[in-house]
Amino acid sequence: MSGSYTFTMIKPDAVQAGNIGGILNMINEGGFRIVAMKLTKLTKRQAEVFYEIHQERPFYGELVEYMTSGPIVAAILEKDNAVEAYRELIGATDPTKAAEGTIRKKFATSIAANAVHGSDSDDNAKIESDFFFPRLERFTAEGESCY
Ligand code: CMP
């Protein structure tokens, strides 16, 4: 798969608060196409591996516990310059610093419970997308699977 893709999760706080629809609406309004999507719940091991890059950070244990506390929505999104465009749409990691009109400004409650994840590079978008989705579960704009 080549082109402009990013990976996102709607995190447990936002799923629990009933904000899946509101967030997906902002994603659609932002001009992103949904390539793949699922509602799932991470095991401790899966969250530890997904966030392995943060394992030396002091908040790693809290992050893993939080991300396994309830279901999440995982998705691959397509748009030109997707990683940067999506990070702009979601806003700063710390919702108190997130700009008006961003997903985190509207839906995040704290730096840990910050409503959504967005990949920080094209390489990580690929790694994170591959973690959740086989080609069979990815769809072209024409509705063909095996993207
Ligand atoms: P995300 O962009 O998904 O990737 C790493 C996550 O770690 C981040 O969102 C936050 O949810 C969490 N995080 C980052 N900084 C802190 C912090 N200082 N305390 C708790 N959680 C944090």
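Two rings of Phe, Tyr or Trp (its six-membered ring) count as a pair if their centres lie within 6.5 Å. By this rule, nine aromatic pairs turn up in this predicted model.

Start with one of them: select Phe50 and Phe132. Phe50 belongs to helix H3 (residues 44-50) and Phe132 to helix H7 (residues 122-132), so the pair ties together parts that are 82 residues apart in sequence. Show the surface next: are these two residues buried or exposed? Both Phe50 and Phe132 are buried.

Then go to Phe32 and Lys79. The charged end of Lys79 sits over the ring of Phe32, at 5.0 Å from the ring centre.

Now zoom out and switch to a cartoon view. The protein chain has seven helices and four strands. Followed from the N terminus, its elements run β-α-α-β-α-α-β-α-α-β-α. The radius of gyration is 14 Å, close to the 15 Å that the globule rule gives for 147 residues, so the protein chain is as compact as a globular protein of that length. Along the principal axes, the C-alpha atoms fill a box of roughly 40 × 35 × 25 Å.

Finish with the whole chain and its surface. Of its 147 residues, 45% count as buried. Among contacts with a separation of 6 or more, 73% involve residues 24 or more positions apart.

Terms used
Residues numbered from 1 in each chain as written. Predicted model: local features only at pLDDT ≥ 70, side-chain atom pairs only at ≥ 80, totals over all residues. Heavy atoms only, no water. Phe/Tyr/Trp six-rings, centres within 6.5 Å; stacked < 30°, edge-to-face > 60°. Helix = DSSP H or I, 4+ residues; strand = E, 2+ residues; numbered from the N terminus. Buried < 20%, exposed > 50% of the residue type's maximum accessible area, 1.4 Å probe, protein only. Lys NZ or Arg CZ within 6 Å of the ring centre and 35° of its normal. Rg over C-alpha atoms; globule rule 2.2 N^0.38 Å. Contact = heavy atoms within 4.5 Å.
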